[in-house]
Amino acid sequence: MCAVGGRTDPGAIVAVAARALGGRGRAVGVERLRGGTRKGVYRVRVEGGRDVVVYVWGRAEHRWPEAAVEREGPFADPDGLDLFLGAARVLEGAGVRVPAVEWVERDHPGPGVDMAVVEDVPGPDLEGLLARDRRAGMRVVERLGPVLETMASLRGSGWGGSRGRSGVRVPVSGWFWSGLCAI
């Protein structure tokens, strides 16, 4: 069984991280991160310190009640691997620094979920940095302004996102915030 208590089996997460690492390190631990109400977010600790983050899309990881999930229209559920990858392409194309996508696995053979392994950007989040060292946090906020202006300039052909090369609606913000202090 791969989903226990609404979460993906850590063994499946370690397995996909190992394939992404290709022998460049050994996974030594898995930690579920906060957030991720539409997907599971896990940090995989790697021997030698080059950790990765694994995003998992599957029903067991989705915390919204099924009745609350809109499938079509401008308020459709902004969920899934294709939207995630499309958002990364849109942001990268606009010059916004996002964590590198290192590996993608669709319909993982164990839990039957989609997974993406991305670069773990070390360091504090902006909220923590501002609480601990306001001056350092404000330097990040100053660098954030041009990034937000770039994001605000992105225009799509519909509500709530932009359209990638495939024509699929993609949200233009979200997951890159975890690496904000690396700007």
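This is a predicted model: local features need pLDDT of at least 70, side-chain atom pairs count only at pLDDT 80 or more; totals for chains, interfaces and linings use all residues.
Reader: Let's start with helix α1; what length should its 12 residues span, and what do the end atoms show?
Author: Helix α1 covers residues 10-21, and at 1.5 Å a residue it should span 16 Å; the C-alpha atoms at its ends are 16 Å apart, which agrees.

Reader: And which residues of α1 are buried?
Author: The buried residues of the helix are Ala12, Ile13, Val16, Ala17, Ala20 and Leu21.

Reader: What do those buried residues pack against?
Author: They pack against a set of strands, namely β2 (7-8), β3 (27-32), β4 (40-46), β5 (52-57), β6 (101-105) and β7 (114-119).

Reader: Which residue just after α1 takes a positive phi?
Author: That is Gly22, which follows directly after the helix and has a phi of about 55°.

Reader: Switching to the rings now, how many aromatic pairs are there?
Author: The count comes to 3 aromatic pairs. One of them is formed by Tyr55 and Phe84, whose ring centres are 5.1 Å apart and whose planes make an angle of 50°, so that the pair is classed as tilted.

Reader: Where do Tyr55 and Phe84 lie?
Author: Tyr55 belongs to strand β5 while Phe84 belongs to helix α2 (residues 81-93), so this pair ties together parts that are 29 residues apart in sequence.

Reader: Is Tyr55 buried or exposed?
Author: Tyr55 is buried, because its relative accessible area of 5% falls under the 20% cut-off. Phe84 also counts as buried, at 5% relative accessibility.

Reader: Which residues make up the cluster that the ring pairs link?
Author: The cluster consists of Tyr55, Trp57 and Phe84, which are linked by ring pairs.

Reader: OK, charges next; how many salt bridges are there?
Author: The count comes to 10 salt bridges. In one of them Arg19 is paired with Glu105, with the closest N and O atoms 2.7 Å apart.

Reader: Which parts does that pair tie together?
Author: Arg19 sits in helix α1 and Glu105 in strand β6, so the pair ties together parts that are 86 residues apart in sequence. In space, the C-alpha atoms of Glu105 and Arg19 are 9.7 Å apart.

Reader: What else does Glu105 touch?
Author: Leaving aside neighbours within four places in sequence, Glu105 is in contact with Val16, Arg19, Val113, Asp114 and Met115. The side chain of Glu105 is also joined to the side chain of Trp103 by a polar contact of 3.1 Å.

Reader: What about Glu31 and Arg43, how do their side chains meet?
Author: The side chains of Glu31 and Arg43 meet in a salt bridge, with an N to O distance of 3.8 Å. This pair links distant parts of the chain, since Glu31 is in strand β3 and Arg43 is in strand β4, 12 residues apart. Glu31 counts as partly exposed at 32% relative accessibility, while Arg43 counts as buried at 18%.

Reader: And where are Arg50 and Glu102?
Author: The side chains of Arg50 and Glu102 meet in a salt bridge of 2.8 Å, N to O. Arg50 lies in the loop between β4 and β5, and Glu102 lies in strand β6, 52 residues apart. Arg50 is partly exposed at 35% relative accessibility, and Glu102 is partly exposed with a relative accessible area of 26%.

Reader: Last one: which residues do salt bridges that share partners join into one network?
Author: That network is made up of Glu31, Arg43, Arg45, Asp51 and Asp120.

Note on methods:
Residues are numbered from 1 along each chain as its sequence is written. Side-chain values use heavy atoms; hydrogens and water are left out. Helices (H or I, at least four residues) and strands (E, at least two) are DSSP runs, numbered from the N terminus. The expected span of a helix is 1.5 Å times one less than its number of residues. Buried means under 20% relative accessible area, exposed over 50%, partly exposed in between (1.4 Å probe, protein chains only). Contact means heavy atoms within 4.5 Å. Rings of Phe, Tyr and Trp (its six-membered ring) pair if their centres lie within 6.5 Å; planes under 30 degrees apart count as stacked, over 60 as edge-to-face and the rest as tilted. A polar contact is a pair of N or O atoms within 3.5 Å; within protein, one must be able to donate a hydrogen and the other to accept it, and residues adjacent in sequence count only if both atoms are side-chain atoms. A salt bridge is a side-chain nitrogen of Lys or Arg within 4 Å of a carboxyl oxygen of Asp or Glu.
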